[in-house]
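Please keep the sequence and the model in view while reading the numbered points.

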Amino acid sequence: MTKPPPRYDDHDDGLHVGPPERSAAGLPGVVHGLKAVLDQSGLRRGLPALRLVNQHAGFDCPGCAWPEPDKPHLAEFCENGAKAVAEESTVRRVGPDFFAAHPISELATRSDHWLGQQGRLTTPMLRDIDDDHYRPVTWDAALDLVAGELRTLDDPDHAVFYTSGRASNEAAFCYQLFARALGTNNLPDCSNMCHESSGSALSETLGVGKGSVSLADITDHADLIVVVGQNPGTNHPRMLTALEQAKRRGARIVAINPLPEAGLQTFRNPQTVRGVVGRGTLLSDVFVQIRLGGDLAFFQAVNQQLVAADARSGDVLDHDFIAAHTSGFDRAAAAWEALNWDDVRAATGLPDEAVHAFVDEVLAAERIVVCWAMGLTQHPKAVATIREIVNFLLLRGNVGRPGAGACPVRGHSNVQGDRTMGIWEKPPEGFLDALHAEFGFAPPRAHGLDTVDSIRAMQAGKVGVFMALGGNFAAATPDSDATAQALRSVPLTVHVSTKLNRSHALPGHRSIILPCLGRTERDVQGGREQFVTVEDSMSVVHASRGTLRPASPELRSEISIVSDLARRVLGADHPVPWQRFATDYAAVRQHIARVVPGFDDYEAKVVRPGGFVLPHPPRDARVFPTADGKARFSVNELSVLQLPPGRLILQTIRSHDQFNTTIYGLDDRYRGIQQGRKVVFVNPDDLRELGIDDGAVVDVVGEWHDGERRAEGYRVVAYPTARGCAAAYYPETNVLVPLDHTAEISNTPASKSIIVRLERS
Ligand SMILES: Nc1nc2c(c(=O)[nH]1)N[C@H]1C(S)=C(S)[C@@H](COP(=O)(O)OP(=O)(O)OC[C@H]3O[C@@H](n4cnc5c(=O)[nH]c(N)nc54)[C@H](O)[C@@H]3O)O[C@H]1N2
Ligand SMILES: Nc1nc2c(c(=O)[nH]1)N[C@H]1C(S)=C(S)[C@@H](COP(=O)(O)OP(=O)(O)OC[C@H]3O[C@@H](n4cnc5c(=O)[nH]c(N)nc54)[C@H](O)[C@@H]3O)O[C@H]1N2
Ligand SMILES: [Mo]
């Protein structure tokens with residue numbers, strides 16, 4: 001009853017463009033989710049898997065990092081969660097026969113969709129120098145080869161250890177420990193391309209780089225929820241349930257976005273009768289259709305207006321909070337006073353009334369939560385923008401009390417936990433001290449390479465081994481052509497993966513694929529069933545237990561792969577008990593409990609239903625562990641992105657049928673796109689000015705000081721995005737993102753702020 005993988009590659013032949021939808025989920029969501037599961041996994045494997053997603057006795061959904069409610073619904077169902085489970089529990093397989101039939105040179109020409117749809121990797125594979133095929137290899141031979149290369153590097157900093165945010169806490173802890181025992185902090189991760197800007201801004205201003213709200217703050221307490229630069233209908237569908245709950249008790253919601261995303265308009269909750277057969281719940285009360293990158297100016301204008309309103313009435317700002325808990329207010333206020341409104345209009349593309357209408361919402365709200373995602377973090381001024389949002393929250397004391405706070409909504413299901421476990425190229429000194437005290441070796445202190453700098457190091461010939469614990473480095477990173485060349489120049493690339501992807505098709509001189517268990521699968525080590533732990537977007541840590549039969553008997557767990565490799569590199573008498581780690585995850589947790597603050601009594605606390613919440617001083621007690629012990633107002637310089645005539649700002653976004661570089665299908669239902677991905681969304685008025693018709697086929701040409709980059713053959717879709725702005729799908733358009741075009745401070749690729757022109761093909 002399952003469907004075979006696609007035989008031919010997709011060429012957008014069946015592309016159909018219809019009108020965008022105005023509501024999200026409902027019955028179509030359930031149907032699409034279930035269909036994905038049945039097509040890939042069948043009834044016997046797929047349905048039991050679905051039943052256990054996000055249940056206390058089951059596994060953490062491998063989709064997004066939105067928290068689970070205290071009492072999960074019997075089917076804590078979301079379409080995209082179902083698709084993520086289907087991708088992993090698929091019955092399709094990529095084994096030695098597949099690699100014998102498909103040379104690497106052919107794989108490199110395939111689309112991300114085709115590659116991902118082939119199925120689960122089953123067997124360790126080696127691509128040797130100058131070979132055009134991967135060939136099967138034993139685990140021992142593969143791990144010995146990697147260990148040999150790592151041991152003979154001239155410098156441990158010539159090794160790079162990438163992580164994607166699916167890795168469990170235990171796997172992440174072992175992996176960073178191995179890198180540091182080897183002698184490097186080169187631990188780039190997907191976070192460098194994701195919420196790094198949030199972490200940078202929040203640590204500097206509030207002292208903790210994580211969100212300061214709990215789920216109940218949103219569902220039960222907030223009066224106003226501002227959703228900025230985020231498309232939850234597609235990327236965090238379960239967040240809509242929380243927004244609906246908030247809405248039904250009277251909270252107001254403001255969406256700030258260049259695109260009118262369906263999920264932010266109306267939600268038809270598939271969990272309720274009303275949502276399936278009724279009209280659903282209207283979510284956003286106000287939609288601020290901002291120009292790309294305009295949020296810094298918008299919040300500066302709002303902050304100026306709040307201070308001005310306070311000057312009139314004296315009761316707008318939280319003066320007690322500002323006096324007791326913050327620093328830098330006067331300087332920030334002076335900067336707001338000098339704000340140039342022409343700049344605000346140019347940057348936001350909004351009439352002044354939009355600012356005033358938002359200020360009215362703010363004045364009517366006692367408690368405010370601001371949620372955001374990639375629409376803020378992937379811009380040149382991302383860190384400044386998020387600092388300005390912290391200013392906004394601080395003005396009315398919206399931090400550290402119920403119903404108020406900052407909510408960066410994380411992407412990968414355990415990306416936040418991985419950071420907590422030390423996956424970070426810039427580890428805090430205290431963390432390294434704790435490792436030293438616990439294990440008795442001196443970890444390296446010099447900062448390591450982040451994602452962008454790792455690519456530069458490859459280009460400079462300074463990477464001997466590139467290892468990836470999950471993810472799809474080649475497709476997720478910017479400047480695809482340059483990055484492909486960089487990866488191909490590395491002497492050894494190693495990928496611990498569940499599924500085939502572009503990174504395998506762009507191997508180093510030698511390349512190894514190590515197939516691993518996924519989150520849905522039973523993990524038996526040392527004769528006992530093991531579980532792992534994860535942390536969600538709201539700092540809740542809980543257990544995750546796989547239940548399905550592994551996709552192949554040859555699969556190993558990430559923890560056992562990393563520990564086995566570490567033992568081979570560092571020797572059996574190394575102070576870290578690698579062998580024990582491989583067979584007993586509780587032993588890993590014992591060490592974590594002593595190294596990472598907030599994890600005492602880990603083993604007992606984590607098996608409680610719902611897990612436990614990590615401490616967060618600003619949230620819990622209005623204690624701000626910053627440089628001066630206060631929450632810090634900041635002064636952020638406004639710069640307006642000036643577009644040369646005939647140019648647009650392009651953002652690269654996710655369709656409804658993908659999880660990052662994993663393309664589930666070719667539809668983007670809510671935006672009216674079927675059977676194709678090479679589309680570029682442009683405002684109809686801009687098209688008129690440019691003299692380009694809806695439906696025309698164009699090359700999207702990126703302009704950057706080092707030259708042009710080109711994405712060919714895109715169909716123009718007239719779409720109600722903000723003026724001067726365009727959108728196209730990631731990862732196909734990563735070819736347009738220059739490696740050097742990154743956010744200040746966080747070094748995150750500015751993949752939502754690319755200057756382009758459209759040229760008729
Ligand atoms: N199904 C599914 N779920 C996912 C993922 C997935 O690919 N598929 N990916 C996961 C990951 S790793 C992440 S990080 C998250 C990503 O979640 P999102 O951040 O929601 O993902 P994007 O598609 O990048 O959407 C960015 C949104 O911000 C808006 N935006 C862009 N620029 C600006 C701006 O300058 N200002 C404002 N105000 N808005 C702007 C865009 O119009 C769009 O609505 O989702 C996670 N969940
Ligand atoms: N232009 C542009 N670029 C972007 C973005 C954007 O919005 N625009 N978004 C950025 C963001 S927010 C992110 S987070 C990154 C994502 O970057 P990555 O995290 O590197 O990419 P993914 O597509 O999530 O990785 C998918 C692969 O992970 C492997 N995998 C899946 N599950 C497991 C598992 O359990 N274990 C192991 N070992 N492997 C597994 C599979 O082989 C799969 O092919 O991309 C970034 N790049
Ligand atoms: Mo992400």
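1. The loop between β26 and β27 (662-663) is the place of N660. The model under discussion is a predicted one. N660 has a positive phi of about 50 degrees although it is not a glycine. Because its relative accessible area is 15%, and buried means under 20%, N660 is classed as buried. N660 also belongs to the residues closest to ligand 1, together with N257, E261, D295 and Q658.

2. How many residues surround ligand 1? The shell holds 32 residues, and these divide into 12 nonpolar, 16 polar and four charged. At least two shell residues come from each of α10 (232-235), α18 (374-377), β25 (648-653) and β26 (658-659). Ligand 1 lies between domain 3 (196-408) and domain 4 (648-760), because both of these domains give residues to its shell.

3. Several polar contacts of ligand 1 may be located by name. A polar backbone atom of I256 is 3.0 Å from a nitrogen atom of ligand 1. For G375, a polar backbone atom lies 3.3 Å from an oxygen atom of the ligand. Q651 takes part through its side chain, with a polar atom 3.0 Å from an oxygen atom of ligand 1. On its own, ligand 1 has 910 Å² of accessible area, and the protein covers 99% of this.

4. E261 is found in the loop between β9 (252-256) and β10 (266-268). Is E261 buried or exposed? E261 counts as buried because its relative accessibility is 7%, where buried means under 20%. Residues up to four places away in sequence aside, E261 touches N231 and R671. With R671, the side chain of E261 forms a polar contact of 3.0 Å.

5. R248 lies in helix α11 (residues 237-248) and is partly exposed, with a relative accessible area of 47%. The side chains of R248 and T281 are joined by a polar contact of 3.1 Å. R248 and A141 are 107 residues apart along the chain, and their C-alpha atoms are separated by 59 Å.

6. Ligand 2 is surrounded by 30 residues, of which Y162, A476, E558, T661 and Y730 are the closest. The shell of ligand 2 consists of 10 nonpolar, 15 polar and five charged residues. Domain 2 (94-188 + 415-616) and domain 4 (648-760) each contribute at least three residues to this shell.

7. Which residues place polar atoms by ligand 2? Among them is R166, with a polar side-chain atom 2.8 Å from a nitrogen atom of the ligand. A polar backbone atom of V496 is 2.9 Å from a nitrogen atom of ligand 2. K752 has a polar side-chain atom 3.1 Å from an oxygen atom of ligand 2. Of the 920 Å² of accessible area that ligand 2 has on its own, the protein covers 96%.

8. The loop between β32 (725-729) and β33 (754-760) contains P731. The peptide bond from Y730 to P731 is cis, with omega near 5 degrees. Y730 is also among the residues closest to ligand 2. I745 has its place in the loop between β32 and β33 as well. I745 has a positive phi near 75 degrees and is a residue other than glycine. I745 is exposed, because its relative accessible area is 58% and exposed means over 50%.

9. Helix α22 (residues 451-459) provides an example of packing. The buried residues of α22 are T451, V452, S454, I455, A457 and M458. These buried residues pack against β7 (159-163), β16 (465-469), α23 (473-476) and α24 (480-488). At the start of α22, D450 has a side-chain oxygen that reaches to within 3.3 Å of the backbone nitrogen of V452. G461, with a positive phi near 75 degrees, follows α22.

10. Finally, the overall division of the chain should be noted. The chain comprises domain 1 (22-89), domain 2 (94-188 + 415-616), domain 3 (196-408) and domain 4 (648-760). The C-alpha centres of domain 1 and domain 4 are 29 Å apart. Between these two domains, 14 residues of domain 1 are in contact with seven residues of domain 4.

Key:
Residues are numbered from 1 along each chain as its sequence is written. Chains are lettered from A and ligands numbered from 1 in the order in which they are written. This is a predicted model: local features need pLDDT of at least 70, side-chain atom pairs count only at pLDDT 80 or more; totals for chains, interfaces and linings use all residues. Side-chain values use heavy atoms; hydrogens and water are left out. Helices (H or I, at least four residues) and strands (E, at least two) are DSSP runs, numbered from the N terminus. Buried means under 20% relative accessible area, exposed over 50%, partly exposed in between (1.4 Å probe, protein chains only). A polar contact is a pair of N or O atoms within 3.5 Å; within protein, one must be able to donate a hydrogen and the other to accept it, and residues adjacent in sequence count only if both atoms are side-chain atoms. Contact means heavy atoms within 4.5 Å. A residue is near a molecule or strand if one of its heavy atoms lies within 4 Å of it. Accessible areas come from the Shrake-Rupley method with a 1.4 Å probe; for residues, only the protein chains shown count as cover. Ala, Val, Leu, Ile, Met, Phe, Trp, Tyr, Cys and Pro count as nonpolar, Asp, Glu, Lys and Arg as charged, and the others, Gly among them, as polar. Domain bounds come from an automatic or database domain assignment.
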